[in-house]
Structures are given as C-alpha cells and as structure tokens.
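This briefing walks through selected features of one protein model, grouped by topic for reading alongside the coordinates.

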Amino acid sequence: MNRSRSSITLSSWLVFLAIVAAIGWSFSAQQPASDAYSASDDTVFSQQRALAHLNVIAARPHYLGSAEHERVREYLVGALAQMGLTADIQHQVGTHFRRQYSAADTRNIIARIPGSQPGNALILMSHYDSGLHSSLGASDAGSGVVTILEAVRAFLARGETPLNDIVILLTDGEERGLLGAEAFVGHHPWASQARLVLNLEARGSGGPSYMLMETNGGNADMIRAFSVAGLKHPAANSLMYSLYKQLPNDTDLTVFREQGDIPGFNFAFIDDHFDYHTAQDSIPRLDANTLNHQAEYLTTLLDYFADADLASLESEADWVYFNAPGIGMISYPFAWNLWLVALGVMALGGVVWRDWRQGRLGVSQLWRGVLATSLAVVLVWAVTHFGWHILKALFPQYAEIPHGFTYNGHWILASFIALGITITLALFRWAGRTTTDQPMRALYVAPVALWLVISGGAATSLPGAGFLVIPPLLALAAMMFWPASEDTPRLAAARLLLALLPVLILAPLIPAFVIGLGLNAMAVGTVLTALTLALLLPLCSDQGLLTLGIRSSAVIACGSLVVSMMLSGYSEDRRKPNSINYILDSDTGEAWWTSSNRRPDSFVGQFLTDPTTGDSWPQERYPAYRSSRVRWYQDAPVLPLAPAKVTVTGDVKDDGLRTVTLSIQPQRPTAVLQLVTTSPLTVRRMRINGEPFKRSDQWIEGEFKPGFVLTNTQASPLAPLTVELSIDSDAPLGLKLLQTAYDMPELFEDMKARSTSMMPEPFIINDAVIISQRVL
C-alpha cells in the first residue's frame, strides 16, 4: 500500500473541513436567526410582541372547558379588538369520528379583513385550546396563535387593502378531535368562501417548521405559488408529502380538505418532541428560531396570497419538490421520475464503459464495491437496531417517555449516526486498500447502482420520493471530472462541489425522519447516512480522508454515547412522567387507585402501597388504549360522590333500528363524559345535543369492540348532554357512563405534590376522579 495515500495530508484536512462546513450549513440554513424579527418598526413582525401575547396565553393549562380556556378566549377577542377587528364567537357543537365518536360544544374565534374583491377568502388558522389537562400549550399551538396575531397586526399597520378577504380562525377543541374545524366547515357561512388555508401547528418545541400541504387534487399549482412567494427558508419535500397523504392525517386542515374540498398548507415543527402535550410545553422551551420560522412563513405567504388568484390553485398534476440550502425550492413533474432514473442508468453505463476501456475498473473493483456497500448497509442497520434495543434494556426509563423520543435522544441519534459513519468508512477503506491506482474511485458502481434501484422503486411506488435520484446523478456528474491522466486542482474542486450537493440535500432529512418517526426508526437514519457516504467516498482521491473521518466519527460516537448516558436520568428540565387516577364504580360501591406507570415511583407510591399488576385488571371496569392501559392498581377508599343523573327519554324500534335517547345531567363538575360498550357494538347513527355525526349527508357508522364509543368534552362543568344512538334492533346494548373530573388533588387534601423532576404523563387522562355507572 502507498503510504502517501493513507496518511492525513493537508488536502485531506481541507476536504474534511469542507464536508463538515457543508453539513453545518445545511442545518443552519433551515431557519431564520433567533434575532431575525427583533425590529421595533410597527409595520413588521416583532417576536417580542408575539411573545407578549404568549406570556398571557400559555401562563397556565387552558384545555377546552376549563376556566383558563375561557380567560384565553376573552383575551384573544380583546387582542383582535385592539387591531380594529370585531371577533365573532361561533358557538356550535363540533363532532368528529376517528376510532370513536368525539364531540364538544365549541367556541371558535373568527374575524375578517374585507378584501377589495370579496368572495374568495384566505384562512389563517391555528387552535387556541391546549392539550389535555396539564399542557401549557406554548408551542402547541400558542405559537401559531400569536404568530397570526402579530402577522395580522403588522399587515394592518401598513394600511393596505387586500384583494382577497382574510379570515382569522382560531379554532376550539382541536385537541379533542378537530372539533372546532368541523364546526366551522360544517356550519359557518364563511366556509363556502374559503379557497386556501394556512394552518400553524406544533408537535414539539423546536427545530425547523416543515411545510406539509393538503389537497384533494394535484399539488403543482400550489408548489408553484409556494416557490415564487419569496420564502427565504422553505423546509419542504415531496417525500413527506407522499407519506402524509397515505397516513390518517390529523390536523384541522384535514377537515377543510376532506369536508370542504379546500386546500391548504400546514406548517409544523416537530423537534424536542418530548415536550409535546406535557407541562414542559412552556415559553422558555420554545426555540426563538422556530417561532421566527413560523413568522417567516406566515408573513411572506400572507403578503403573497392576500392579492393572489386563489381560484387558480387547483391542479391535476403532481410535482416532485425539495428544498436545497442557498437555492430554495426545486420542483418538476412526477412524469420526469422514470426519465431521470433512465438517465442515471445510461450515465452509469457510460462511465463504467469509459473506465473499463481505460483499464481503471475491473471485476475485482466491482466486486469489492458491491461487498463494501452491502456490508455497510447490513452492519449499520444491525448495529443500530440491536444497539437501541440493548440501550432500552439497560435504561428502562427510556420506555417511560411515551413520545418515542427520549430527552437525550439527540445524543443517542448522534452516537449511532457517528458509529454508522465509522463502520461505513472502515469498510470502504478496507475495500480501497486492495487496489493500487486511485483506489477509492474504483468503488463507485455499487453505491450508485443501489441508489438508482431505490429511486426507481420510489418513482413507481412513492412518486414524491423521486428526488432521491438527484444524489446519484450528481455523483455520476462528479465522476465525469476524473481525468484519464494527471489530476488538477480545478477538476478536484469541481468533483468536491458536485459531491457535496447530495450532502446538502440529504443531511437535514436524516434527523428529521428519525425525530418524526421516533428512535425505534433510528436505523432509517443511520442506513440513509451510510448510503449517502457510499456515494461520496468513491470520489476521494486518497485514503487519508477516510482515516481522518474514521478517527473523528469514532470519537464523536463514543463521546455522544457517554453524554447520552450522563443525561439518561430525570431532572427539573427532563421530568419523569407518571400517572394516578381514582376510579369509583357507583354500581358496586368499589373504588381503586390506578396507574399507567411502567414502574411505580415515589409519587405513585403514596397511593399504591401494595399494588397489584395491571395484567389482572378487568377491562370492563375501565377500558383503555394500549398507551394508557392500567399497569398497576389497588383498592381505594370509597368516597360519597354522586354519579350523573341518566334518564332514558326514548327507546324506539323502527325500520330495523333501535333508537335510544339518553339525557345525562352531571351532579358534580365534570370535564369529560364517555360512553363505553361492554360488548361488541355497531352504531348506525349518533347525535349529540341534536348534532348528527354525518359526512356529506351520510351517517357515520362505528364498529366497536368492548371499550370507548363516545367522548364528549364538557365546555361547561355541569352542562347536560343528550345522546341519541341507533343500533340494529336485535343487537345487544350494554352501555356504561364514565364521568371524569380533574379534581383529585382537591378531594384528597393529604395528596403530596409531584417533585420538580416529575410531571403528569401526557396523552392520557391523569390526576382524575372517574365515576363509572351502568346506563343500559
């Protein structure tokens, strides 16, 4: 082996630093700076003014039906009034069906800026209710609400009259099933004039805000408008769009698309997912860069679409699109996908033929390239997959974070990505050592061919992923700059530039997919890293760069793993989630403490002094979803709590259906009323306070196993509820009513508060008093 090729030279350092700089730029260029909106000019967006609103909105949890929810609504109405806008409160029962029937008496906040040519409306939307009972809702979705308030204020301060009507819609009950959006689209007269929606959301507390559109037709015209609007930091790609269209989407915008055929853009950030729906969704944890990213989207697109032809956004064609740092949005028709793959195949064949004829490529190099690429993919996947399972076994607290992404998840991800880089570099260095002339460049065939196979499969099964053909095309273009004889600095620079472009495109996608899908999908990120490196490595002129990369990535892998272990515990900034509920069966006169904790802790231990495993918990007492199942329980003292007063006001059989009408009157302040079936049940029709569960004038039928059938969130603690449901006349009907209130601390005065390193577990009912009673 030629020692000069394996030693770390100045050239190796320069290329290494160029790669590091490109990766750093690809991430930093995703968002505006934290001080991007710090100007005091009244006619521009101000982060400080937006945060002033957020300090009021996110001071305390403000879930639907709480006193804080009403306070926030009154504040928002006042804030709109200070801008000269009159807010209308749409008071309407909202209904939604997904796995079960959900309903609530919602109160949307709506205001309108009249356009010079009214009739077409641009909707600016976010929701003002927070999640469940403990979330402060700073990011989800207080950040969206205050971004709209400040963007509209700056727009009005410029004194411009828009061409289109602009409707500010702050929806209610989003967290309880998109109920405010359902109420608006189904009942408000302005919904028929809506042509486009800009919806601001959050699934974490930081990171870039990604654009995900919703449309029943093609995306070509919407992408064209999005691309020319003047955004400086667009973060969007059609792979996410294609995946999103195949998933059961769950934002307010989904209701507009499904029920009103109204397209729109979602803008949502997903990093620091562990804060989502928790008491940690607070203002200090909301990244300033992230808030500014939302501001850039809304201010830029508000200015553009205020005067755009909103009726021209419908298209039959779909486009592939992605963003690149320093370039912006790149898009082209889906029809180009297969042509680009074919171009790649022809280009690969041409380069292989050239190098074969010149004697720079032989069977040995082809075989070793295939072996290095294959081993890299397999080993990186195996090490990541099994390594993560080993870590979960060593640190059981990782399973206690229900979000799928732990507090130290970024360090864990960094350690496995760095380890994957080490493995991939080592394999290619081993393969390159067996050749004598320009060892690394002879290994390009296998990784490029694999990328073309992947992009070819994507072009047919997931067309939005068609841009994955761009990296191998760029790698092949770089191969064109290999001279037959002596290399030159200019040719080397051209190769490096072309080689770095795939890194700029793909590097930000790697953590985004893992953060979005959770650490259980971490192997997706590490394998994608290995494949990206496999494209880059054959362009190296010597092995010194590989040696430098192996040493650096190995150090990063070890260091990140050590840091992740140091941060594996809980603290005031990384709180342990736990749960406790009190369940009273008013029919049997029995009561229990229940918990979803995987391991009892000091807070739960004050109730569960001698707990029984939840494996023996009878589901008919209180059913639960997989994430909220009872894991521990114990007998509890029976309190004299009054169940709701339930009256059967109707029980009629007609035309093969049995229609039962229930009148439910809570006897104590209540947050949630739920109906549970004790046997398999098919509901043909359902009404809540007279509002039917329908879509396009068709009744929504529900097939239920024993468990939850209906969840009604009480907008007023003692509000009555009328339920009308129809089933097949000969079907058995066994119903129980669950009455839930978040007042356990008030009823049990000797209850010790959580320590500062604990918080209520998200996504489930918690700290609740639940009364169960049989209805029918």
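In this predicted model, helix α15, which covers residues 470–479, packs against helix α16, which covers residues 489–506, at an angle of about 170° and with the two axes 8 Å apart. Because angles over 145 degrees count as roughly antiparallel, α15 is described as roughly antiparallel to α16.

**The α15–α16 contact**

- On the α15 side, the residues that meet α16 are I470, P471, L474, A477 and A478, and their partners in α16 are R495, L498, L501, P502, I505 and L506.
- Sorted by class, this contact between α15 and α16 consists of 10 nonpolar residues and 1 charged residue, with no polar residues.

**The second largest pocket**

- Helix α16 also takes part in the second largest pocket, where it is one of the elements that give two or more residues to the lining.
- The other elements that give two or more residues to this lining are α2 (10–28), β6 (206–214), β7 (264–271), α13 (409–432), α17 (509–517), α18 (522–536) and α19 (544–566).
- The volume of the second largest pocket is about 1,200 Å³, and its lining is made up of 38 residues, of which I23, F27, I417, I421 and A507 lie nearest the centre.
- Helix α13 provides the largest share of the lining of this pocket, namely 7 residues.
- By class, the lining of the second largest pocket comprises 29 nonpolar, 8 polar and 1 charged residues.

**Cavities**

- How many cavities of 30 Å³ or more does a search of the whole structure find? The search finds 5 of them.
- The largest cavity has a volume of about 70 Å³, and the residues that line it are Y63, L64, S130, L132, R176, A671, V672, T713 and Y742.
- In terms of class, 6 nonpolar, 2 polar and 1 charged residues form the lining of the largest cavity.
- The second largest cavity holds about 60 Å³ of space, and it is lined by Q397, Y398, I401, T406, Y407, N408, L567, S568, G569 and Y570.
- The lining of the second largest cavity divides by class into 5 nonpolar and 5 polar residues, with no charged residues.

**Backbone geometry**

- The peptide bond that joins D140 and A141 is cis, with omega at about -10°, and A141 has its place in helix α5, which covers residues 138–157.
- R99 has a phi near 70°, which is a positive value in a residue other than glycine, and R99 lies in the loop between β1 (88–98) and β2 (100–113).
- Is R99 buried or exposed? Its relative accessibility is 61%, and since exposed means over 50%, R99 counts as exposed.
- D261 likewise has a positive phi in a residue other than glycine, here near 50°, and D261 sits in the loop between α9 and β7.

**Individual residues in their surroundings**

- T254 is placed in helix α9, which covers residues 252–260, and T254 counts as buried because its relative accessible area of 2% is under 20%.
- The C-alpha atoms of T254 and G404 are separated by 24 Å, while the two residues are 150 residues apart along the chain.
- T422 belongs to helix α13 and, with a relative accessible area of 13%, is also buried.
- Which residues is T422 in contact with, leaving aside its neighbours within four places in sequence? The partners of T422 are I550, S553 and A554.
- A715 is found in the loop between β23 (707–713) and β24 (721–728), and at 24% relative accessibility A715 counts as partly exposed.
- A715 and H69 are 646 residues apart in sequence, yet their C-alpha atoms are 9.3 Å apart in space.
- Not counting residues up to four places away in sequence, A715 touches L64, G65, D105 and R107; of these, L64 is also one of the residues that line the largest cavity.

Methods: Residues numbered from 1 in each chain as written. Predicted model: local features only at pLDDT ≥ 70, side-chain atom pairs only at ≥ 80, totals over all residues. Heavy atoms only, no water. Axes fitted to C-alpha atoms, helices over the stretch in contact; angles between N-to-C directions. Helix = DSSP H or I, 4+ residues; strand = E, 2+ residues; numbered from the N terminus. Parallel < 35°, antiparallel > 145°, perpendicular 65-115°, else oblique. Contact = heavy atoms within 4.5 Å. Nonpolar A, V, L, I, M, F, W, Y, C, P; charged D, E, K, R; others polar. 1 Å grid on protein atoms, 1.4 Å probe; cavity = no way out; pocket = protein on both sides within 12 Å on 5 of 7 lines; lining within 4 Å. Points joined across faces, edges and corners; volume = space filled by probe spheres on them. Buried < 20%, exposed > 50% of the residue type's maximum accessible area, 1.4 Å probe, protein only.
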